[in-house]
Amino acid sequence: YWLATTPTTDATHLGLTPVNHPLLGGMTRLADGDGLLLSGRLSARTHPWLAQHLIAGSALLPGSALVDLAIAAGDRAGLGVLRELVLAKPLHLPDEGIRVQLTVGTPDDSGECSVTIHSHRDTAADGPPGDEGEWTLHASGVLSNADRPGPVEQGVWPPPGARPLAHEGLYERLTDLGYDYGSAFRGLQAVWESGTDLYAEVALPEELHEQAAEYGIHPALLDAALHALLLDAADTPDELRLPFSYDGVALHAWGATRLRVHLSTKNNSVALTATDPTGQPVLSVDSVTMRSVTADRITTRAAAPDGLYRLVWQPIQTTDSTPAGRWAVLGSQVAGLTAVPYQDLDALDAALAAGDPAPNVLVLPYRTADEQLDAAAATRNAVREMLETVQRALADERLGAATFLLLTNSAVGVMPGEDVEDLPAAAVHGLMRTAASEHPGRFALLDIHGDHPAGAIDTAAATALSHQLPVALRDATLYGPHLTRTPSPHH
C-alpha cells in the first residue's frame, strides 16, 4: 500500500556539507578543532540491498560497509589509508531506520586521526524533547595520511598451478549454516587454491553496477571477496565466522564491479589484494582478522538495543456529557443503552422513508449468535455481514451525518490474562478499525465484558464517540489502547 520513494537529503539547508556517498547525508567540520563529523540514515526501505545481508536471521550491516564508510571519512579528511578498523559490535538494521554517525578526530603529531562509527535507532520521538537516547559504538580505528602502498599489478590469471575448487551450491549451504545472503551478496564466481593461498573472482549483480560508482568499494563486492574463506564453513556448523578487524586498507581505484582477489591466509587472518579484470589494482588490505561467534550472540544483540513495543490497555477519563441528537440501535435494545431499536437496516430504511428522523448515532451491536458453526465459518459470516451493513450504511445519504458505534462483547483482551472469548467479534472489531481509518470521524468502537451498573454503558458509549478510538469497559472502568515500549535488558 505504500509507494516506494527516493530519499532526498538537502544537507546544505541543514547546515551541513553534502558528502556524495549513498550511505551518508552530510558532514561538518567541528568548531572546536580539526575534527570532522559525518552522518547518515539507513533503513531497508532506503537501501533495500543491505537487508539481504542476514546472519543468524538478523539483518546486519556488513563489516565491509563499515570499511567503506571509514574510507569515505578518510577521503573527506584527506587521509588516504585506513590503518586499522576494529569492529566492536554488529550493527543491526531495524525496519524503522537507524542513524549513523562517523567522527574523525584531530590529527596527532604523526598526522594520524581516530575514526569512530556509532548508530542510534530512530526511536527518540517517544522521549522528551532533546532526549537522543544512547548511541552504540560499532567500530573504531585509525586513519593515516601516509602514502598509499605502491599498487601491484596482477600477473597471469589464474596463477599457474592453482587448482580450481568447486563452489556450486555454496550459498545454499551457507544459508543452512546461518549465512543467508541475498542476490546482492552472492558474488563469488570462481575459486582456485595454491598452497595456503586462495584466488577468487567476484562480481556485483548487474542491477548494482550503476550505484557501484558512488562507493569507494561497494560493500557487497568487498563482502563477497571474503566468501572463498567460507568454503569449509560446514566444518564448524555451530560457529559463524565474521570479520573482526581490518588493517592497512588502501583503495587504489573507485567504483569496481568485478574483482580478481588474492587471499593469503594465515591462522585467523588473511591478506587481501584485488584487481579489476584487466589486472589493474583496486584494493589492498594488509590483514583481515576473522572471529567466530555463535548464532545466539547475534540474535540476542538484535533484540536488545531498545526493546519492543507492545499494546497495553490503560484507564482513560470518561466523558460526562452524551452527544446530543437521536440514537438508534440495530437489533434488540441493548441493556443499559438509551437508543431507539430497529430490527435491522431494512427496518431503519423503511422508518426513514416513512418520515422518522435520521439518527445522529447508529449503534451496531455484535455478538456471535450461531454457536453451531465452527469458529472459521462463523468468523467469515460475521465479517461478511458486517461489511455489507457498513457499506450500505455509508452509501445512504440520509445517514451522511451519522456516527457508527460498534458494540462488541469480549472481542479484545484488556486485563492481564484476559482472553478473547468471541473470535468472530474480534474479527469484526478489526474490520471496523480499518473502516475507522478509511472514514475518519465516522466510527467508534466499544467492547464490554460482564455486568455493569445503570448508566455505565451510556457513559462508555459517549466516551468512545468523543475519543474516536477503541474503548473497553471492564468493572465500571474505561480503558484505551496505548503502545508501550518494553524496556531493554541493558537499561
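## Overall composition

The protein chain of this predicted model has 491 residues, of which 45% are buried, and its secondary structure comes to nine helices and 24 strands. When contacts between residues at least 6 apart in sequence are taken together, 69% of them join residues at least 24 apart.

## Packing of α6 against α7

Helix α6, which covers residues 345-353, packs with helix α7, residues 375-395, at an angle of about 15°, and the two axes are 11 Å apart. Since angles under 35 degrees count as roughly parallel, α6 and α7 are therefore described as roughly parallel to each other. The crossing of this pair, α6 and α7, is left-handed.

On the α6 side the contact involves Leu345, Asp346 and Asp349, which meet Thr389, Arg392 and Ala393 in α7. By residue class, the contact of α6 with α7 divides into two nonpolar, one polar and three charged residues.

## Packing of α7 against α8

Helix α7 also packs with helix α8, residues 423-438, here at an angle of about 35° and with the axes 8 Å apart. The crossing of α7 and α8 is right-handed, whereas that of α6 and α7 is left-handed.

From α7, the residues that make the contact with α8 are Ala375, Ala378, Thr379, Ala382, Val383, Met386, Leu387 and Val390, while α8 contributes Leu423, Pro424, Ala427, Val428, Leu431 and Met432. The residues of this contact of α7 with α8 divide into 13 nonpolar, one polar and no charged, whereas the contact of α6 with α7 includes three charged residues.

## Salt bridges between elements

In one of them, Arg186 forms a salt bridge with Glu172, with the closest N and O atoms 3.3 Å apart. Arg186 lies in the loop between β10 (179-181) and β11 (188-194), and Glu172 lies in helix α2 (residues 170-177), so the pair ties together parts that are 14 residues apart in sequence. Arg186 counts as partly exposed at 30% relative accessibility, and Glu172 is likewise partly exposed, with a relative accessible area of 46%.

The side chains of Asp346 and Arg392, both of which take part in the contact of α6 with α7, meet in a salt bridge with an N to O distance of 2.6 Å. Because Asp346 lies in helix α6 and Arg392 in helix α7, this pair ties together parts that are 46 residues apart in sequence. Asp346 is partly exposed, with a relative accessible area of 47%, and Arg392 also counts as partly exposed, at 39% relative accessibility.

## A buried pair and a network

Asp447 and Arg474 form a salt bridge in which the closest N and O atoms are 2.7 Å apart. Asp447 belongs to strand β22 (residues 443-449) and Arg474 to strand β23 (residues 471-474), so the pair ties together parts that are 27 residues apart in sequence. Both partners are buried, Asp447 with a relative accessible area of 0% and Arg474 with one of 4%. Elsewhere, salt bridges that share partners join Asp349, Asp396 and Arg398 into one network; of these residues, Asp349 is also among those of α6 that meet α7.

His227 is found in the loop between α4 (219-224) and β13 (240-251). With a relative accessible area of 2%, His227 is buried, because buried means under 20% relative accessible area. Apart from neighbours within four places in sequence, His227 is in contact with Leu170, Tyr171, Tyr181, Phe185 and Leu188.

Thr477 lies in strand β24, which covers residues 477-485, and at 29% relative accessibility Thr477 counts as partly exposed. Residues up to four places away in sequence not being counted, Thr477 touches Pro315 and Ala472. Thr477 and Ala456, which are 21 residues apart in sequence, are 8.8 Å apart in space, C-alpha to C-alpha.

Key
Residues numbered from 1 in each chain as written. Predicted model: local features only at pLDDT ≥ 70, side-chain atom pairs only at ≥ 80, totals over all residues. Heavy atoms only, no water. Axes fitted to C-alpha atoms, helices over the stretch in contact; angles between N-to-C directions. Helix = DSSP H or I, 4+ residues; strand = E, 2+ residues; numbered from the N terminus. Parallel < 35°, antiparallel > 145°, perpendicular 65-115°, else oblique. Left-handed = near helix turned anticlockwise from the far one by under 90°. Contact = heavy atoms within 4.5 Å. Nonpolar A, V, L, I, M, F, W, Y, C, P; charged D, E, K, R; others polar. Salt bridge = Lys/Arg side-chain N within 4 Å of Asp/Glu carboxyl O. Buried < 20%, exposed > 50% of the residue type's maximum accessible area, 1.4 Å probe, protein only.
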